[in-house]
Structures are given as C-alpha cells and as structure tokens.
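Colleague: Please give me a close look at one part of this model, and then connect it to what lies around it. Take your time and keep the cut-offs in view.

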Amino acid sequence: MVQGKMGGSGARFNLGEMTVTRATVQLPGGWTGFGYCAGRDPRKAELIALLDATLQRDPSLAERVLPPLAAALEQARTTQGRKAAATKVDFFTLVRGEDPR
C-alpha cells in the first residue's frame, strides 16, 4: 500500500496499491543480496540483489560502480524531464474587458 501526505506535512492517507518485485541471491562465498524494485521486472530485482551481495563481499567496488550508475540515472531523469517539458502547454486567460450591459 502506497501512502501519501497532503502537502508533505499532513496526515497520512492510503493512496493505493503498488506492485513490487523482489529477489534474493547468494554468492558462492555465502554473501546474500536482496533487491526490490517497483513494478514487475524480475531481472532488474535480480541485478539489484546481485549488486547488493557483491558490494557486501567487496565494499571498495562501490567507489568504481556507484558513480557511473548514479550518472546514468541522472541522465535518464534529465532526458525524461526534457521530454515532459517539450509537451508543456501554457494556459492563460484573456481579459476582454467589462460586460457592456
């Protein structure tokens, strides 16, 4: 159940349900990783879990792996924002003056 808040500071209310996919992987060394993602994408959840387990095994990889992933996410957000901005419609009201009656 996804919850929302009115204005970000109001009382919580139930907005609706959301599908979540989860995965758990165990590496040969015994490290276990968990992955969750919104929607129905088992491969994505598996990759998240694999990354979680890998970073537990060798935390120093985070310095090499996470910055490129963050950059790719930011690029995707920027591209999506530009596409949305291209469809923006500005509505305005024309004042035609007083009613002559």
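Modeller: Two strands count as paired if DSSP finds at least two bridges between them; the strands themselves (E, at least two residues) and the helices (H or I, at least four) are DSSP runs, numbered from the N terminus. This is a predicted model, so to speak of a local feature takes a pLDDT of at least 70 and side-chain atom pairs count only at pLDDT 80 or more, while totals for chains, interfaces and linings use all residues. Residues are numbered from 1 along each chain as its sequence is written, and side-chain values use heavy atoms, with hydrogens and water left out.

I'd pick the hairpin of β3 and β4. The two strands run antiparallel and are joined by seven bridges, and T24 sits opposite F34 of β4. Five residues lie between the strands, and in this hairpin G30 takes a positive phi near 105°.

Now look at β4 side-on. G33, G35 and C37 make up its covered face, while T32, F34, Y36 and A38 are on the uncovered one. Take Y36 from that strand: it is exposed, at a relative accessible area of 52% (exposed is over 50%, buried under 20%, partly exposed in between, with a 1.4 Å probe and protein chains only). Y36 also belongs to a nonpolar surface patch with M18, V20 and F34, and together they have about 440 Å² of accessible area. Patches take residues with over 30% relative accessible area and no salt bridge, joining nonpolar side chains (Val, Leu, Ile, Met, Phe, Trp, Tyr) within 5 Å and like charges within 9 Å; the areas are Shrake-Rupley values with a 1.4 Å probe, and for residues only the protein chains shown count as cover.

M18 is partly exposed, with 47% relative accessible area. Leaving out residues up to four places away in sequence, M18 touches V2 and A38, where contact means heavy atoms within 4.5 Å. M1 is 17 residues away from M18 in sequence, yet their C-alpha atoms are 6.2 Å apart.

Strand β1 (residues 2–5) pairs with β2 in the antiparallel sense over four bridges, with Q3 partnered by N14. Here six residues separate the strands, and G7 has a positive phi near 70°. β2 is hardly covered, and the count of buried residues among its five is zero.

What about the helix, α1 (residues 42–57)? Its 16 residues reach 23 Å from first C-alpha to last, close to the 22 Å expected, that span being 1.5 Å times one less than the number of residues. A45, A49, A53, T54 and L55 are buried in α1, and the helix's buried residues pack against β3 (20–26), β4 (32–38) and α2 (62–86).

Neighbours within four places aside, R57 is in contact with L27 and W31. Its C-alpha is 9.2 Å from that of T32, 25 residues apart along the chain. R57 is partly exposed at 45% relative accessible area.

Finally, there's one salt bridge in the structure: E46 and R43 meet at 3.3 Å, N to O, the limit being 4 Å between a side-chain nitrogen of Lys or Arg and a carboxyl oxygen of Asp or Glu. Both residues lie in α1, three residues or about one turn apart. E46 is partly exposed at 35% relative accessible area, and so is R43 at 49%.
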